[in-house]
Amino acid sequence: MNTFLITFGVFVAVIAAMAVGYIFQKKVVKGSCGGLGAVGIEKVCNCPEPCDARKKREAREAARQAKLAEWDKDRIA
């Protein structure tokens with residue numbers, strides 16, 4: 001049981017030290033392999049035709065952008 005508690009304490013201390021280092025450095029967490037771009041994938045979904053859920057999301061975003069553009073136009077005029 002003592003071995004478990006000592007090991008657990010060491011792990012907690014290491015994680016706490018890493019957290020303090022991250023907080024003070026204020027760097028963005030990033031992967032070491034370069035992400036999907038490193039393997040030649042330009043986007044998460046390489047489908048030639050987007051799925052229905054993605055089409056709905058894109059339509060919602062386009063409508064939102066149009067509404068914002070209209071609002072900006074009315075605000076400026």
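**Exercise 1. How many helices and how many strands does the protein chain have?**

Solution. Start with what you are looking at: this is a predicted model, in which local features need pLDDT of at least 70, side-chain atom pairs count only at pLDDT 80 or more, and totals for chains, interfaces and linings use all residues. Residues are numbered from 1 along each chain as its sequence is written, and side-chain values use heavy atoms, leaving out hydrogens and water.

Next, apply the rule: helices (H or I, at least four residues) and strands (E, at least two) are DSSP runs, numbered from the N terminus. The protein chain then has two helices and zero strands.

**Exercise 2. Work out what share of the chain is buried, and check the span of helix 1.**

Solution. Take the cut-offs first: buried means under 20% relative accessible area, exposed over 50%, and partly exposed in between (1.4 Å probe, protein chains only). Of the 77 residues of the protein chain, 0% count as buried.

Now the span. The expected value is 1.5 Å times one less than the number of residues. For the 24 residues of helix 1 that should be 34 Å, and the end C-alpha atoms are 35 Å apart, which agrees. Just after helix 1, Lys26 takes a positive phi of about 55°.

**Exercise 3. Find the aromatic pair and describe the surface around Phe8.**

Solution. Rings of Phe, Tyr and Trp (its six-membered ring) pair if their centres lie within 6.5 Å; planes under 30 degrees apart count as stacked, over 60 as edge-to-face and the rest as tilted. This rule gives one aromatic pair. Phe4 and Phe8 form that pair, stacked at 6.2 Å centre to centre with 20° between the planes. Both sit in helix 1, four residues apart, about one turn of the helix. Phe4 and Phe8 are both exposed.

Then look for a patch: residues with over 30% relative accessible area and no salt bridge are joined, like charges within 9 Å and nonpolar side chains (Val, Leu, Ile, Met, Phe, Trp, Tyr) within 5 Å. Met1, Phe4, Leu5, Phe8 and Val12 form a nonpolar surface patch with about 580 Å² of accessible area together.

**Exercise 4. Which side chains meet in salt bridges, and how exposed is each partner?**

Solution. Side chains of opposite charge can pair when their charged atoms come close. The rule asks for a side-chain nitrogen of Lys or Arg within 4 Å of a carboxyl oxygen of Asp or Glu, and the count comes to two.

- Arg54 and Glu58 meet at 3.1 Å, N to O. They lie in helix 2 (residues 52–76), four residues apart, about one turn of the helix. Arg54 is partly exposed at 31%, and Glu58 is partly exposed at 42%.
- Glu61 and Arg64 meet at 3.3 Å, N to O. Being three residues apart in helix 2, they are separated by about one helical turn. Glu61 is partly exposed at 38%, and Arg64 is partly exposed at 47%.

Technical notes
Accessible areas come from the Shrake-Rupley method with a 1.4 Å probe; for residues, only the protein chains shown count as cover.
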